[in-house]
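User: I want to know what stands behind the terms used for this model. Please go through them one at a time.

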Amino acid sequence: MPALALIAAVAHNGVIGVDGRLPWRLPEDLRRFRALTTGHSVIMGRRTWESIGRALPGRQNIVVTRDRGFAADGADVAHSLGAALDRVACPAPAFCIGGGELYRAALPLADVVHVTEIARDFDGDATFPALDPREWRETARESRAADADVDFDYAFVTYARVTTPIR
Ligand SMILES: NC(=O)c1ccc[n+]([C@@H]2O[C@H](COP(=O)([O-])OP(=O)(O)OC[C@H]3O[C@@H](n4cnc5c(N)ncnc54)[C@H](OP(=O)(O)O)[C@@H]3O)[C@@H](O)[C@H]2O)c1
């Protein structure tokens, strides 16, 4: 199995999405997402694929759905997370890019989690699973203060698995 990383932006209350979209505007986070994932395979749930609305350039896009008739222009389609991992064709790590349902399936298999921690609560209907501190250790943190464009503090945080992932 290829090394698997999760990447997500998460509000203080765990929210990652509302009504099929991101609850905030954070261009610096999108730039970091692009820098980390370009050249790799990105694996996403069908609802996240629909919210993005197109294949992400410079990456192998893999959409996970239970719908056997589903086709996605510019993306590979897999019917389970395991099948998606089998289709990974780009160098490691593969990135699970959401959303909430797929993060929950992928977290037990992941080695690394990149979280943009947003220091504010947001209303929403999709959440990121809690990271058990016995399983995940913070290995890097870059903090950013609110400014004229962004009215909350946030931090780019990397967590590495302490124990061996279940495979
Ligand atoms: N903040 C962030 O970093 C971030 C990142 C990504 C997404 N989001 C947000 O998260 C929300 C979407 O998340 P979500 O939880 O509603 O949906 P999701 O995880 O993106 O997609 C769920 C769908 O993916 C398929 N799926 C998921 N797990 C599967 C599995 N193990 N096997 C087979 N198929 C599986 C199913 O598709 P079918 O129904 O077609 O079978 C399921 O309905 C949106 O608001 C989006 O903007 C936020």
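Analyst: The terms are taken in turn below, each with its cut-offs.
This is a predicted model, in which local features need pLDDT of at least 70 and side-chain atom pairs count only at pLDDT 80 or more, while totals for chains, interfaces and linings use all residues. Residues are numbered from 1 along each chain as its sequence is written.

User: Why is the radius of gyration of the protein chain said to agree with a compact globule?
Analyst: The radius is taken over C-alpha atoms, and the globule rule is 2.2 Å times the number of residues to the power 0.38. For 167 residues a compact globule would have a value near 15 Å, and the protein chain has 15 Å, so the two agree.

User: What makes E1 mostly covered?
Analyst: Strands (E, at least two residues) are DSSP runs, numbered from the N terminus. A residue is buried if 20 or more other C-beta atoms, placed from the backbone, lie within 10 Å of its own. Eight of the eight residues in E1 are buried. Leu4, Leu6, Ala8 and Val10 point one way, and Ala5, Ile7, Ala9 and Ala11 the other. In a regular strand the side chains alternate between the two faces of the sheet.

User: How do you know that E1 pairs with E6?
Analyst: Pairing requires that DSSP finds at least two bridges between two strands. E1 and E6 (residues 94-96) have three, in the parallel sense, and Leu4 stands opposite Ala94.

User: What joins E1 to E7?
Analyst: Seven bridges join E1 to E7 (residues 112-118), and the two run parallel. Val113 in E7 is the bridge partner of Leu6.

Notes:
Buried ≥ 20, exposed ≤ 12 C-beta atoms within 10 Å, placed from the backbone. Helix = DSSP H or I, 4+ residues; strand = E, 2+ residues; numbered from the N terminus.
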